Structures are given as C-alpha cells and as structure tokens.
Amino acid sequence: SNLLEGDNQLKANGVYAQNFPLKEQTQGRAMQNDYKRMKSDDASCLFEDDLCRYVKSYGYTKRQRWTCPAVGVQGDSSRTLSNGEFSLAELIRLYDYSSAYAVLIPSVPGRHKSDTYHNFGYLKLRKAIMDSFPAARQAVGKGKKPPVMCQVSSLGKLNTKWLSKFHEAIDYTTTHSARPVEDYHAKFSKKNVVLERNLRIVWPTVEEIRNSVEGHRGGGSVMGEAKKVQDKFLQPLYHRWSSRNNADDPLQTARHVPHIKTLVQPSSNRSSIEWLYLGSHNLSIAAWGQVQARYAGSDELILRIAHWELGVFISPATLAKARGD
C-alpha cells in the first residue's frame with residue numbers, strides 16, 4: 001500500500017512479512033567490508049542481492065546511524081548494531097536471509113542489457129518459475145491447462161503480442177519452451193493466440209467501485225483509460241473482483257477497493273495453486289518490461305522498464321527450500 005491512511009484503512013492490500021536475524025559472528029563496521037565480498041552465485045544470498053540491487057537503484061547512498069535496536073537470533077533484543085554509520089544497502093547486508101521463503105521480483109527503470117535483464121521484471125519472474133518447476137512439469141493433461149490469473153488495481157496500455165509473450169513466459173507449462181528474448185524478431189500471428197482460455201484479468205467493475213466502502217472516491221486508485229481498457233481483445237479476459245454470493249465473502253473483502261496485486265496459477269486439477277506473486281506490479285508494459293532493440297535497427301536486445309516495482313514469488317519449491325527439505 002501507499003503510506004496514506006485511506007490506502008491502509010479502507011483498501012484491500014497484501015503484505016509479505018518474515019523475520020530475518022542478524023548474521024552470526026560478524027557485526028558492526030566489519031560488515032561494511034564483509035558485504036562487498038558476498039557472492040551473487042550463493043543461493044542463500046539471492047534474496048539479499050536482489051534487495052540491495054533494488055535499494056541501490058534509488059541512488060540513496062547516505063550513511064547514517066541506525067538507532068533502533070536490532071533483534072538478534074532467537075529474539076535476543078540485547079544485540080544491537082554498532083555505533084557505525086551505514087547506508088540502507090549496507091544495513092540490509094547485516095541480516096541473514098537464508099531462511100527467505102520467497103524470491104524477490106524487482107523492476108527498476110532503465111534499458112537493461114543481456115548481462116542484467118534476467119534480474120528484473122517479467123524475465124525475473126520467468127526465471128523464478130523456471131527454477132521452481134522442472135521442464136518435465138510442462139506436460140499437462142489435454143484440456144487441463146490452468147490459466148494465469150492476474151488480479152490488479154490498474155491497467156496500462158496492452159497489446160495482444162505483449163500479453164501473449166508475457167503469458168507464455170510465466171505459465172509454468174510453457175515457460176521452459178518460451179523464448180522471450182530469442183524470438184524477438186520472430187513473426188507474430190494473432191491467429192494462434194487463445195488468451196481467453198489461458199489468462200484472466202480480475203478487475204473491479206463500476207458497480208463494485210460504487211458499492212465499496214469508499215464509493216466512487218475509491219476508484220481513484222483503480223486506473224485505466226477508457227480507450228485502453230475497452231480494447232476488444234481484453235473483453236473476454238475480464239473477471240469480477242467480488243463474488244455475487246455474499247456467503248463467499250464473510251469478511252466483505254469485496255467491498256474494499258483492491259490496491260492489492262496478485263498473480264496466481266492454479267494446479268491443473270484446480271485443487272491447489274502452483275505459484276503466487278504478490279507485489280506492486282500492475283498489468284502494464286511499463287511495470288513488467290518489454291524486450292526491444294536497444295536502438296532502431298540494432299541487433300542488441302534489451303529489457304526496457306519504466307517503473308520501480310517490487311514483489312515476491314512463492315511456490316512449493318521456495319517453501320521447501322526455506323525449510324531445508
């Protein structure tokens with residue numbers, strides 16, 4: 001949510017929360033040098049590296065004293081940070097994220113080259129899905145292909161080609177065979193696209209906004225230009241935010257305008273989910289990024305992103321890894 005009372009008190013939001021202890025043995029200023037030696041290929045540091053990379057992208061490098069006590073291992077509140085001064089990124093490096101049960105999915109504005117573009121946007125989400133599901137899992141029974149459900153609060157300018165590529169890259173049944181970068185120059189045909197069965201966009205209706213606890217005012221955080229959201233190819237993809245049966249919504253969640261953003265893919269038998277994304281990304285090219293040529297006529301491809309966004313990816317594989325299974 002945004003740091004606004006109305007957003008926190010009246011809208012539907014979601015949060016990922018997990019406690020991370022201070023790193024053992026090395027603390028204080030020594031860690032300022034220690035964090036530089038962390039290896040990106042260390043699996044236990046992936047969450048840490050992603051978070052630091054994202055924080056550094058803001059360009060806020062000022063060192064300062066952090067006076068709040070830092071809770072240590074097993075809730076020992078007597079362990080506090082030293083009197084040294086740390087930047088926010090350096091402070092993050094003091095903590096142990098090896099128990100993280102989620103993978104961070106950041107978006108950072110820029111034109112990201114081949115050596116970094118898998119760290120951001122939908123290419124990062126695709127990588128997390130590939131790491132969670134072996135290629136063999138792509139085989140699903142005929143007619144049982146589960147859709148990807150995108151629940152968002154705002155919609156950007158979309159087109160069939162981008163949405164199809166986006167879906168193919170994050171659908172666990174196709175992500176290993178998808179080639180979002182390599183197939184950039186491949187000819188695209190709308191005739192082969194069947195988004196209606198494969199993708200669902202959960203978005204509130206005018207009626208749901210009007211009947212929310214905020215009334216029409218709540219629609220201020222549900223943004224989408226009429227011309228964009230009324231595109232013909234999007235109409236079959238829309239699904240309601242609320243249930244028509246009040247018994248299915250005992251907490252009256254549907255009466256609160258969604259500021260939450262979730263992407264979910266159920267299992268093929270619909271009895272559970274295969275993966276979940278929770279974060280700030282709305283459904284837009286600007287937020288998730290788009291593969292394109294670096295310059296007109298150039299063969300060098302980049303991932304262009306226009307927004308800062310951050311989210312978490314969770315799957316049975318990430319949960320098992322955190323448990324040490």
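Me: Where is Leu 199 found, and what makes a run of residues a strand?

Reply: Leu 199 is found in strand β4, residues 199-202. A strand is a DSSP run of E with at least two residues, whereas a helix is a run of H or I with at least four, and both are numbered from the N terminus. The protein has eleven helices and ten strands. This is a predicted model, in which local features need pLDDT of at least 70 and side-chain atom pairs count only at pLDDT 80 or more, while totals for chains, interfaces and linings use all residues. Residues are numbered from 1 along each chain as its sequence is written, and side-chain values use heavy atoms, with hydrogens and water left out.

Me: Why is Leu 199 called buried?

Reply: Its relative accessibility is 0%. Buried means under 20% relative accessible area, exposed means over 50%, and partly exposed lies in between (1.4 Å probe, protein chains only). Leu 199 therefore counts as buried. Of the 325 residues of the protein, 45% count as buried.

Me: Which residues is Leu 199 in contact with, leaving aside its neighbours within four places in sequence?

Reply: They are Pro 147, Val 148, Cys 150, Leu 163, His 167 and Leu 237, where contact means heavy atoms within 4.5 Å. Among contacts in the protein between residues at least 6 apart in sequence, 75% join residues at least 24 apart.

Me: Which residues have the most contacts inside the largest nonpolar core, and what makes a set of residues such a core?

Reply: Leu 163, Phe 166, Leu 263, Trp 275, Leu 283 and Trp 288 have the most contacts inside this core of 46 residues. A nonpolar core is a set of buried Ala, Val, Leu, Ile, Met, Phe, Trp, Tyr and Cys residues joined through side-chain atoms within 4.5 Å. Apart from it lies another core, of 25 residues, among them Tyr 16, Phe 47, Tyr 95 and Leu 104. In soluble globular proteins, nonpolar side chains tend to be buried together.

Me: Why does Tyr 95 count as buried, and where does it lie?

Reply: Its relative accessible area is 17%, so Tyr 95 is buried under the rule of under 20%. Tyr 95 lies in the loop between α4 (88-92) and β1 (103-107). Its C-alpha atom is separated by 5.7 Å from that of Pro 21, 74 residues apart along the chain.

Me: Why is the pair of Tyr 54 and Tyr 58 called edge-to-face?

Reply: Rings of Phe, Tyr and Trp (its six-membered ring) pair if their centres lie within 6.5 Å; planes under 30 degrees apart count as stacked, over 60 as edge-to-face and the rest as tilted. The ring centres of Tyr 54 and Tyr 58 are 5.3 Å apart and the planes stand at 80 degrees, so the pair is edge-to-face. Tyr 54, at 8% relative accessibility, counts as buried, whereas Tyr 58, at 46%, counts as partly exposed. By this rule the count comes to 14 aromatic pairs. Ring pairs also link Tyr 16, Phe 20, Phe 47, Tyr 97 and Tyr 101 into a cluster.

Me: How much space lies in the largest pocket, and what makes a space a pocket?

Reply: About 710 Å³ of space lies in the largest pocket. On a 1 Å grid over the protein atoms alone, a pocket is an open set of points where a 1.4 Å probe fits, with protein on both sides within 12 Å along at least five of seven lines. Lining residues have an atom within 4 Å of a point. The volume is the space filled by probe spheres set on the points, which are joined across faces, edges and corners. The largest pocket is lined by 32 residues, of which Ser 1, His 259, Lys 261, Gly 279 and Ser 280 lie nearest its centre. β10 gives the most to this lining, with four residues.

Me: Which residues does Asp 7 touch, not counting those up to four places away in sequence?

Reply: Asp 7 touches Ser 1, Asn 2, Asn 13 and His 259. The place of Asp 7 is in helix α1, residues 5-10, and at 7% relative accessibility Asp 7 counts as buried.

Me: Which residues lie nearest the centre of the second largest pocket?

Reply: They are His 167, Asn 192, Val 193, Val 194 and Asn 198, from a lining of 21 residues. About 480 Å³ of space lies in this pocket.

Me: Why is Val 194 called partly exposed?

Reply: Its relative accessible area of 33% lies between the limits of 20% and 50%, so Val 194 is partly exposed. Val 194 has its place in the loop between α6 and α7.
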